[in-house]
Amino acid sequence: MSTPNIFWFIPTHGDSRYLGTTKGARPVNADYLKQVAVAADTLGYDGVLLPTGRSCEDAWIVASSLINATTRLKFLVAIRPGLSTPGLAVRMASTFDRLSNGRLLINVVTGGDQGELEADGLYADHTKRYEISREFFKVWRASMAGEGGAAGYDFEGKHIQVKGAKTLYPAVQKPYPPLYFGGSSEPAHELAAEQMDVYLTWGEPPAAVAEKLADIRARAAKHGRTLKFGIRLHVIVRETNEEAWRAADELISHLDDDTIAKAQAAFAKMDSVGQRRMAALHGGRRDQLEVSPNLWAGVGLVRGGAGTALVGDPETVAARMREYADLGIETFILSGYPHLEESYRFAELVFPLLGKGTEQGEQSITGPFGEMMASDILPRKAA
Ligand SMILES: Cc1cc2nc3c(=O)[nH]c(=O)nc-3n(C[C@H](O)[C@H](O)[C@H](O)COP(=O)(O)O)c2cc1C
């Protein structure tokens with residue numbers, strides 16, 4: 001596999017050692033979020049995903065606060081069509097891209113929880129939300145690209161109308177920062193095929209991912225387009241397989257059945273096809289969580305969205321990643337609990353197996369790595 005893009009995750013909805021309890025939990029504040037971002041930047045991750053929704057701190061504000069703490073890291077930040085106008089979304093994206101010197105990536109989130117969206121003031125069912133997204137990103141892309149010239153860009157859609165839209169401070173990336181997109185319903189696949197640059201899937205078993213990618217590819221071909229692909233997974237990597245599986249068990253060792261039932265009931269009310277596919281992997285049962293070799297669905301017992309983790313020793317995890325890469329996945333968006341420590345663990349144990357270096361570290365430190373012994377005994381170079 002060619003060297004994949006590896007992203008980490010900024011935990012703006014909390015962080016912990018164990019799911020479902022305050023035991024081992026830590027405050028997530030500006031300082032901690034900065035620590036996670038700086039770790040990802042220093043270790044050589046290519047980017048970070050910031051989630052969006054009412055369960056999170058605002059992604060745009062948090063990402064902005066991290067620009068000057070980092071040097072190379074890209075920020076995958078969500079736009080939710082319908083919650084803002086295209087004009088405002090264009091201005092926010094251009095300014096962020098300018099201030100970060102081209103480090104913005106957009107995650108297009110149409111949304112899958114009508115209750116949450118109505119609480120935010122957006123009254124639109126699944127079908128209408130995708131209609132809005134389609135029009136919104138036609139306008140967003142045209143405005144970002146400066147279509148319409150000096151007179152500005154006009155659009156008269158069913159849901160969105162703009163007149164004379166102009167971007168006076170254009171983005172650094174041309175024609176606009178790349179559009180990433182996750183959604184598993186039929187209209188989602190169609191929108192991805194028509195307008196998006198990178199299609200993201202949550203971590204379903206490889207056979208299911210292969211089917212989704214084939215469908216997107218076929219639809220995109222009808223539009224004369226191609227897309228790139230990414231996957232969002234948790235990782236539980238340890239030096240041995242036994243330790244990794246023990247860590248997976250520990251992660252849910254304080255989680256009670258009542259909390260699982262409540263979370264599953266909440267997911268069942270959502271209209272997100274992607275969420276339904278995640279929940280169907282385990283059916284709310286904690287005794288059948290390895291849903292495909294080394295793919296563990298324990299996180300999804302209570303966490304919305306990405307609910308599966310790759311579990312194993314470094315070689316096993318790298319091998320499973322290679323299986324996804326063989327299907328066409330180029331970007332892996334990963335996370336682990338707690339996010340700071342696990343960013344180090346994954347980079348130290350798995351990056352070398354993926355051909356990924358700590359370039360920044362190598363530039364600023366001439367080595368050796370590891371602690372010096374006595375007055376001048378160097379650490380032995382590991383095999
Ligand atoms: C990698 C990835 C990240 C996502 N991030 C978010 C998010 O931060 N907030 C959110 O509300 N939905 C998020 N989603 C959900 C989708 O954007 C989409 O709204 C949802 O899956 C409903 O669409 P569907 O019914 O077509 O699956 C994400 C999906 C994927 C695959």
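Reader: What makes strand 8 stand out in the shell around the ligand?

Author: In this predicted model, strand 8 gives the largest share of that shell, namely 3 residues. The elements that contribute two or more residues are strand 8 (198-202) and helix 10 (273-282). In total, 22 residues surround the ligand, and the closest are Gly112, Gly182, Gly183, Ala188 and Gly274.

Reader: How do you know which class of residue, nonpolar, polar or charged, the shell around the ligand holds?

Author: The shell divides into 7 nonpolar, 14 polar and 1 charged residues.

Reader: Why is helix 7 called roughly parallel to helix 11?

Author: The axes of helix 7 (residues 206-222) and helix 11 (residues 314-327) come within 10 Å and cross at roughly 20 degrees. Angles under 35 degrees count as roughly parallel, and therefore helix 7 is described as roughly parallel to helix 11. The crossing in which helix 7 passes helix 11 is right-handed.

Reader: What makes up the contact of helix 7 with helix 11, by residue and by class?

Author: From helix 7, Pro206, Val209, Ala210 and Leu213 meet Glu323, Tyr324 and Leu327 of helix 11.

Reader: Which residues does UniProt list for "domain: Luciferase-like"?

Author: The unreviewed UniProt entry lists residues 6-330, a span that is 42% helix and 18% strand, with its end C-alpha atoms 9 Å apart.

Conventions:
Residues numbered from 1 in each chain as written. Predicted model: local features only at pLDDT ≥ 70, side-chain atom pairs only at ≥ 80, totals over all residues. Axes fitted to C-alpha atoms, helices over the stretch in contact; angles between N-to-C directions. Helix = DSSP H or I, 4+ residues; strand = E, 2+ residues; numbered from the N terminus. Parallel < 35°, antiparallel > 145°, perpendicular 65-115°, else oblique. Left-handed = near helix turned anticlockwise from the far one by under 90°. Contact = placed C-beta atoms within 7 Å. Near = placed C-beta within 6 Å. Nonpolar A, V, L, I, M, F, W, Y, C, P; charged D, E, K, R; others polar. UniProt positions renumbered as here; feature names shortened; annotations may be inferred.
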